[in-house]
2 protein chains.
Amino acid sequence: MPKRVGRYVIELPNRPAVISWGTAVGKTESEGPLHKEFDICYQTDKICSGTWEQCESKLAIDAVNKALIKAGKTYEDTDLIFAGDLLNQCVASAFSVKSTDIPFAGLFGACSTMALGLALGGISVDSGASNLTIAAASSHFCSAERQFRFPLEYGGQRTPTAQRTVTGAGAALITPKGETMPKLHAVMIGRIRDLGITDANNMGAAMAPAAACTVIDFLRDTGKKPQDFDMILTGDLGLVGSKLLLELLQKRENTDISAVHQDCGNLIFDIEKQDVHAGGSGCGCSAAVVCSLILKQLMRKELNNVLFVGTGALMSPTTSQQGSNIPGIAHAVWLTSGE
Amino acid sequence: MPKRVGRYVIELPNRPAVISWGTAVGKTESEGPLHKEFDICYQTDKICSGTWEQCESKLAIDAVNKALIKAGKTYEDTDLIFAGDLLNQCVASAFSVKSTDIPFAGLFGACSTMALGLALGGISVDSGASNLTIAAASSHFCSAERQFRFPLEYGGQRTPTAQRTVTGAGAALITPKGETMPKLHAVMIGRIRDLGITDANNMGAAMAPAAACTVIDFLRDTGKKPQDFDMILTGDLGLVGSKLLLELLQKRENTDISAVHQDCGNLIFDIEKQDVHAGGSGCGCSAAVVCSLILKQLMRKELNNVLFVGTGALMSPTTSQQGSNIPGIAHAVWLTSGE
């Protein structure tokens, strides 16, 4: 039964297991350094014959299907899915889940959605509210560009601080038991942080304060130090936000996580060689990285303690056009390797 | 600890209590039949000096503040808030929660959001993952019209089947104990239903099949009959959707709920006298009705068993313009009176 630890952390004493995971990604991601880790690598972003939004739904359901198939499970076996995306009214998730007939709890956490889904999924399974539960998230470069910036046809230039929305999706299957598989040790729902960033082309800066807040809260509540984790994985601050996070933690909190810090937005692309500016972003970024490389390394015990801090920017084009700040949020999931 | 009952229902054996609630509504709602039930009745929809989106955020935080003040609680006392709304990227909720510093889990369930929040909040409190937890939802006629249909300045005509988005918000405080207060007995996360409706001006029809599915699942899993409830409250099918729900249940399932059926969209307005076409809708509709009339009647034991079935239409303007169907979803919350 879930248990509060300190002020914000929720321990999951039954240690729900992530027994399976699936990913599907688009062209640029398939050309990136993690291409061997993903289950499905499309060689195009036009993943189906429909709209960009339908292509994103296809990625989302691909990821869910892969995760279920690998575990020998079906939609029927599944009690609950927590899923979300960046699109208005979270339609990528709704239209992908529709065909599965799985009870659907829609989430909005912007790019932090995968962490939010793992956190709520973990609580649900640990408490007995559900057994087989899926956490999933997706994004698509083309649907996001059209919605948040410009239609691709416009040929707009991106700024150096802009991140590239990942065309990809990830899904994780959570169950009460799964001895050798990665475990959900504790989770934390984050608080919103707003340091006055208004530049919608610099999401990393908008999200870094929330990531710093969540890391500090988590370490304080659990009594852990950065070096107690093999990896503190933010997702997805990119190059600019990652640098800011390390600075914020160092200067304001005297906490150095640089030895163990990684960021999903930096891992998914070869930032030097691929034209991705400040790295990857989007709900699909951390979903695809966690549901491939990270969970595999936890399963192989190459990693044993990972603090995954999913970060999201809580703005819309409307609020940005109205001159509002861009608040950030970060949810944390402590993943451990199996027995 | 939450317990599965049948296939879909999740019983909450500790019976978390709804110890307090708050509402804030706009002009048309203040002129409606429930005006005496609401905490704050604005005599205008221009609730603050800012944008319509900021007016909606103001309603949302008003409702949260009222609920906390009535219970003698503060933001600091609060472990978690589940909140959502209809706006793109759920910005009404994010910008209202921002100032509270309460850990924030963003939800998207369209007009079913209040039920989804009560369900997840109930699971969280029943399991011990959180203590004082808030479920909240909001909508605003003017922000919704601009986003989903036309800006008000356009002066567009609405169809007879169209519902009026409620300018309002509701918030409920859930805690592990609260003897005499209303209780969360069981909850259920719904499955998506899509019977091929494509008319974005007829949301009631799009949501009725999901409501029917959830009512049937809930009654079957719990072994209850419609007459075991004082009220089966849908929110918000309006006139058209309510009629369809009764028909679907009668003809397809041989289940007659007409003696106990009420709909938040029909209760909040005087449909004969107010120019609201097929009734109320929007996340704020069921949130405002449940967090006023219904919880008060449960507290006073005028109602003892209420099955609240929050309904949502999972579409966006983009999917409608692309010719997609409008899938519906319905989440259920079984509310009982206190000891």
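Let's start where the two chains meet: 26 residue pairs are in polar contact across the interface of chain A and chain B, counting pairs with both residues at pLDDT 80 or more. Keep in mind that this is a predicted model.

Who does the touching? On the chain A side, the residues facing chain B split by class into 31 nonpolar, 18 polar and 12 charged. The contact draws on 61 residues from chain A and 61 residues from chain B. Three residues of chain A stand out here: Arg4(A), Gln89(A) and Phe108(A) supply 14% of the area that chain A buries against chain B, more than any other three residues.

How much area is buried between chain A and chain B? The figure is about 4,800 Å², and carbon and sulfur atoms give 57% of it.

Now for the charged pairs. The rule finds 10 salt bridges across the interface of chain A and chain B, while the count over all chains comes to 42. Here are some of them:

| Salt bridge | Closest N and O atoms |
|---|---|
| Arg191(A) with Asp101(B) | 2.8 Å |
| Asp101(A) with Arg191(B) | 2.8 Å |
| Lys70(A) with Asp39(A) | 3.0 Å |
| Arg15(A) with Glu11(A) | 3.1 Å |

Take the bridge between Asp101(A) and Arg191(B). Asp101(A) sits in the loop between helix 3 (91-97) and strand 6 (104-106) of chain A, and Arg191(B) sits in the loop between strand 10 (183-188) and helix 6 (203-222) of chain B, so this pair joins two chains. Asp101(A) is partly exposed at 30% relative accessibility, whereas Arg191(B) is buried at 10%.

Next, a bridge inside chain A: Lys70(A) pairs with Asp39(A). Which parts of chain A does this pair tie together? Lys70(A) is in helix 2 (residues 52-71), and Asp39(A) is in the loop between helix 1 (27-30) and strand 4 (40-41), so the bridge ties together parts that are 31 residues apart in sequence. Lys70(A) is partly exposed, with a relative accessible area of 43%, and Asp39(A) is partly exposed as well, at 28%.

Finally, look at Arg15(A) and Glu11(A), another pair within chain A. Are the two partners buried or exposed? Arg15(A) counts as partly exposed at 23% relative accessibility, but Glu11(A) is buried, with a relative accessible area of 17%.

Methods
Residues are numbered from 1 along each chain as its sequence is written. Chains are lettered from A and ligands numbered from 1 in the order in which they are written. This is a predicted model: local features need pLDDT of at least 70, side-chain atom pairs count only at pLDDT 80 or more; totals for chains, interfaces and linings use all residues. Side-chain values use heavy atoms; hydrogens and water are left out. Contact means heavy atoms within 4.5 Å. Buried area is the accessible area (1.4 Å probe) that two parts lose on being put together, summed over both. A salt bridge is a side-chain nitrogen of Lys or Arg within 4 Å of a carboxyl oxygen of Asp or Glu. A polar contact is a pair of N or O atoms within 3.5 Å; within protein, one must be able to donate a hydrogen and the other to accept it, and residues adjacent in sequence count only if both atoms are side-chain atoms. Ala, Val, Leu, Ile, Met, Phe, Trp, Tyr, Cys and Pro count as nonpolar, Asp, Glu, Lys and Arg as charged, and the others, Gly among them, as polar. Buried means under 20% relative accessible area, exposed over 50%, partly exposed in between (1.4 Å probe, protein chains only). Helices (H or I, at least four residues) and strands (E, at least two) are DSSP runs, numbered from the N terminus.
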